[in-house]
Amino acid sequence: MAKPSFDKAYEPHEVERRWYAFWEENGLFAAEEESDRPSFSIVIPPPNVTGVLHMGHALNNTLQDILCRYRRLCGDNVLWMPGTDHAGIATQNVVERNLAERGLTRQALGRERFIEEVWRWRETYGSAIIHQLKRLGASCDWRRERFTMDEGLSRAVRKVFVDLYREGLIYRGDYIINWCPRCHTALADLEVEHEEVDGRLYHIRYPFAGAAGGLTVATTRPETMLGDTAVAVHPEDERFAALPASAVLLPLMDREIPVIRDPYVERGFGTGALKVTPAHDPNDFEIGRRHGLPAVKVIGDDGRMTAEAGRFQGLDRFACRKQVVAELERLGLLVEARPHRHAVGHCYRCRTAIEPNLSRQWFVRTRPLAEPAIAAVREGRTRIIPETWANTYFDWMENIRDWCISRQIWWGHPIPAWTCAACGEVHVAMEAPGRCTRCGGSELAAEEDVLDTWFSSALWPFSTMGWPEDTALLRRFYPTSVLVTGFDILFFWVARMMMMGLHFLKDVPFRDVYVHALVRDEEGQKMSKSRGNVIDPLEVIDRYGTDAFRFTLAAFAAQGRDIKMSEKRVEGYRHFINKIWNAARFALMHLEGVQDLPPASELSLADRWILSRLANAAHETRRALDAYRFNDAAAALYRFVWHEFCDWYLEAAKPALQDPARPQPRAAARAVLGRVLREALVLLHPFIPFVTEEIWHHLPGTSGSISRAAFPEASGFRDPGAEERMGILIEAVTAVRNVRGETGIAPGQALEALVHAGRPEVREVLAAQRELVMRLARLSSLSFLEAPVRPRGAATAVAAGATIYVRLEGVLDFAREAARLEKELGKVEKELAAIERKLVNADFLAKAPAEVVHKVRSQQAELGERREKLRAHLDRIRAYDSAS
């Protein structure tokens with residue numbers, strides 16, 4: 001079958017569409033439930049159904065795809081399980097905004113109709129992120145795509161909830177939780193984002209009951225004082241050793257509250273006296289439990305003051321703060337209000353300041369689940385890479401608090417609990433019970449709260465494979481091989497998957513956890529809409545092609561180091577893609593009817609060298625990918641393809657390839673060219689799948705997809721001797737090229753070179769490869785000296801233990817070149833002086849925007865570097881001239 005024509009230029013977008021469709025149509029991403037091949041599995045961190053592709057998704061999924069494509073090439077049976085998360089709060093907010101545009105509210109619709117509306121929205125818009133992942137080249141087994149609220153996963157969620165409840169690991173209780181007054185739901189600690197804000201620290205005097213004087217407390221939230229039920233001091237604080245009274249009068253409420261002694265109080269903070277508000281502070285709640293204090297809830301779930309707040313009832317909490325402060329000031333009880341910068345928790349979804357609130361919620365008792373998860377990492381059953389993140393994991397797990405899993409929203413997994421209207425008995429079961437098991441009553445009210453989104457996500461590695469059924473997929477692919485994730489969900493998700501996997505399947509959910517870094521802008525700043533520095537990956541793909549974008553992400557994905565992303569970098573790797581394309585285009589002119597490799601004795605030095613370097617590239621790539629060093633693998637391939645294959649081998653092989661009068665060297669060069677190009681494409685395929693698939697189908701002798709090829713053997717053709725000899729040649733040629741570049745001599749200008757070789761083997765190599773050295777270095781002659789005597793007007797270079805003299809006399813007009821350099825140097829020094837004057841101008845430094853100052857400093861550095869290069873070049877020219 002004839003191969004298609006090979007276009008002169010690479011046009012990525014048509015190629016990407018065509019080959020992705022081909023991969024899907026031919027089932028090339030499909031995992032086999034029954035197979036003798038080694039299993040390799042990854043579950044995708046499910047993007048929110050509301051999501052659009054951002055840089056975090058792009059990096060995370062590119063790295064996963066590299067691993068999956070690599071393991072397929074290694075012969076593994078690969079499952080990359082895809083899916084999306086129902087994203088409770090986020091999705092409900094999106095749908096509510098859509099309803100508002102139509103003049104509707106969820107309350108007006110009612111719960112059942114609102115849920116139907118969300119499902120309709122999901123059917124219409126929920127697949128957007130999946131299509132975008134496909135544009136990225138993600139090779140998931142899309143036939144198995146799951147959704148955290150599909151029927152199978154919903155059954156798994158109910159099963160886990162019921163089992164944990166029956167084991168005493170899920171309970172319901174009153175507790176201080178993080179409450180979002182905007183979203184009207186509880187938030188887990190991890191869903192609260194703390195931001196530094198400028199507030200005030202209010203010092204308030206609480207008069208003693210029945211005695212003169214009083215205690216002064218300090219607070220940033222004076223509105224909560226309306227719910228105080230005690231003032232606490234440290235039992236060893238001598239300032240409060242002999243108080244005149246055992247109670248104080250709560251200002252504005254005129255009720256007595258006790259003075260208690262508790263070691264939690266920090267003697268060095270504020271006044272040493274702590275107001276205790278058990279209903280509105282988690283630490284105060286614990287103090288209240290220890291001392292049997294009542295919990296008075298003065299801020300309601302809507303963020304407004306309750307009836308318990310007395311005359312402040314109905315006020316917004318922040319409006320109440322102002323009125324409370326004004327009243328205290330009027331009564332002379334406000335001692336001072338000093339500026340105070342402190343961290344305030346905000347809802348991670350809507351950015352509203354959260355309110356610590358007493359509420360009845362459902363909790364998971366996490367300590368018994370966390371202990372096996374800690375042990376699994378300590379014992380090495382799961383590795384966290386880089387290892388530094390393991391310490392963070394341990395810190396969090398060893399100080400874990402019970403997990404609040406109930407949410408007061410409508411979209412999510414219903415909590416499988418029913419309460420008897422007659423006797424209050426709570427029933428937890430897989431299905432709704434017909435009657436109360438305690439009193440026989442038939443009126444059973446379903447729990448209205450839904451489960452935290454992360455509850456269902458915690459089951460993802462095994463629920464997606466069919467659990468609680470004992471499926472072939474589960475037996476084949478659980479535990480999964482690796483989880484690739486960002487550090488920001490190490491606790492939200494990874495730790496909880498560890499706890500659930502170990503508890504329900506008695507094994508870890510993944511053998512490795514690879515934690516990648518953040519993608520930042522080119523200045524190292526976090527990308528955000530407010531900064532205006534967000535780079536849209538889809539726009540980058542449109543502009544430069546998917547392969548260039550993917551290779552950029554991999555090339556900079558060093559362990560433990562954030563990626564500084566810029567379009568310039570992507571553009572640079574687009575040149576790499578074009579380089580590969582052009583190399584393949586050249587190679588294809590010589591590959592028709594190519595034969596197998598001849599014996600090594602019939603190969604040239606360059607042939608043996610490139611085959612040995614190919615084996616080394618395969619070894620480096622395999623070793624780096626096995627260790628999740630994506631940047632090292634990308635660097636090894638870039639170096640091999642661009643510098644060794646394109647820059648050196650293709651140039652070295654051209655004489656043989658283009659000389660039909662020498663059939664044996666020509667056949668050998670063609671065979672080597674075909675082998676190296678073929679195997680280089682396979683090595684590159686995990687990183688740049690589209691262009692490699694396209695070129696693969698133009699190669700003679702190939703059939704099927706490159707994704708079904710075999711990863712090149714690291715123990716292939718090895719020839720250390722050829723590498724050493726070719727290394728000598730490369731160093732010598734590079735030395736001559738450097739002289740040419742430093743003196744500004746045109747590439748086409750032939751030069752004379754004389755070599756004094758300090759070692760016999762260097763002379764032997766250069767003499768044996770004289771023709772090739774002359775061609776690559778553009779020399780008219782190459783001769784050897786017995787002593788290191790520098791000829792008149794010659795530049796000197798040292799390489800590979802040899803001294804190389806390049807004649808410049810008659811080629812370069814030294815006086816004219818020196819004059820040109822002096823003129824250019826003067827111009828640079830003038831520009832540099834102007835910039836330096838600007839940078840010592842205090843007015844400029846004070847008034848100019850930071851980015852302008854940064855730009856001027858960059859110009860200063862560039863001009864300084866240019867000046868030093870010109871000076872060095874001028875010194876060399878003067879030295880050549882003096883030796884003439």
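Helix 11 (residues 388-398) packs against helix 15 (residues 490-505) at an angle of about 75°, and their axes are 11 Å apart. The model is predicted, so local features need pLDDT of at least 70 and side-chain atom pairs pLDDT 80 or more, while totals for chains, interfaces and linings use all residues. Residues are numbered from 1 along each chain as its sequence is written, and side-chain values use heavy atoms, without hydrogens and water.

## Exercise 1

Classify the packing of helix 11 and helix 15, and list the residues that meet.

Solution. Step 1: helices are DSSP runs of H or I with at least four residues, strands are runs of E with at least two, and both are numbered from the N terminus. Axes are lines fitted to C-alpha atoms, for helices over the stretch in contact, and angles between N-to-C directions run from 0 to 180 degrees.

Step 1: the angle between helix 11 and helix 15 is about 75°. That makes helix 11 roughly perpendicular to helix 15. The classes are roughly parallel under 35 degrees, roughly antiparallel over 145, roughly perpendicular from 65 to 115, and oblique for the rest.

Step 2: contact means heavy atoms within 4.5 Å. Helix 11 brings W389, T392, Y393, W396 and M397, which meet L490, F491, A495, M498 and M499 of helix 15. By class, this contact has nine nonpolar residues, one polar and no charged. Nonpolar covers Ala, Val, Leu, Ile, Met, Phe, Trp, Tyr, Cys and Pro; charged covers Asp, Glu, Lys and Arg; the others, Gly among them, are polar.

## Exercise 2

State how the rings of Y171 and F363 are arranged, and how the rings of F556 and Y573 are arranged.

Solution. Step 1: rings of Phe, Tyr and Trp (its six-membered ring) pair if their centres lie within 6.5 Å; planes under 30 degrees apart are stacked, over 60 edge-to-face, and the rest tilted. A search of the whole structure finds 37 aromatic pairs.

Step 1: the ring centres of Y171 and F363 are 5.5 Å apart and the planes lie at 15°, so the pair is stacked. Y171 belongs to strand 5 (residues 170-180) and F363 to strand 14 (residues 355-364), so the pair ties together parts 192 residues apart in sequence. F363 is buried at a relative accessible area of 2%; buried means under 20%, exposed over 50%, and partly exposed in between (1.4 Å probe, protein chains only).

Step 2: the rings of F556 and Y573 have centres 6.2 Å apart and planes at 75°, so this pair is edge-to-face. F556 sits in the loop between helix 17 (546-555) and strand 25 (563-564), and Y573 in helix 18 (residues 567-588), 17 residues apart. F556 is partly exposed, at 24% relative accessible area, whereas Y573 counts as buried at 17%. Both residues belong to one aromatic cluster, formed by F551, F556, Y573, F576, Y638, W642 and F687.

## Exercise 3

Find the ring that lies under R106 and the ring that lies under the charged end of K838.

Solution. Step 1: a charge sits over a ring if NZ of Lys or CZ of Arg is within 6 Å of the ring centre and within 35 degrees of the ring normal.

Step 1: R106 lies over the face of W410, 4.7 Å from the ring centre. For K838, the charged end sits over the ring of F844, at 5.6 Å from its centre.

## Exercise 4

Solution. P386 is placed in the loop between strand 15 (383-385) and helix 11.

Step 1: P479 is placed in the loop between helix 14 (472-477) and strand 22 (480-486).

Step 2: H184 lies in the loop between strand 5 and strand 6 (185-187) and is partly exposed, with a relative accessible area of 33%.

Step 3: R351 lies in the loop between strand 13 (334-347) and strand 14, and counts as partly exposed at 33% relative accessibility.
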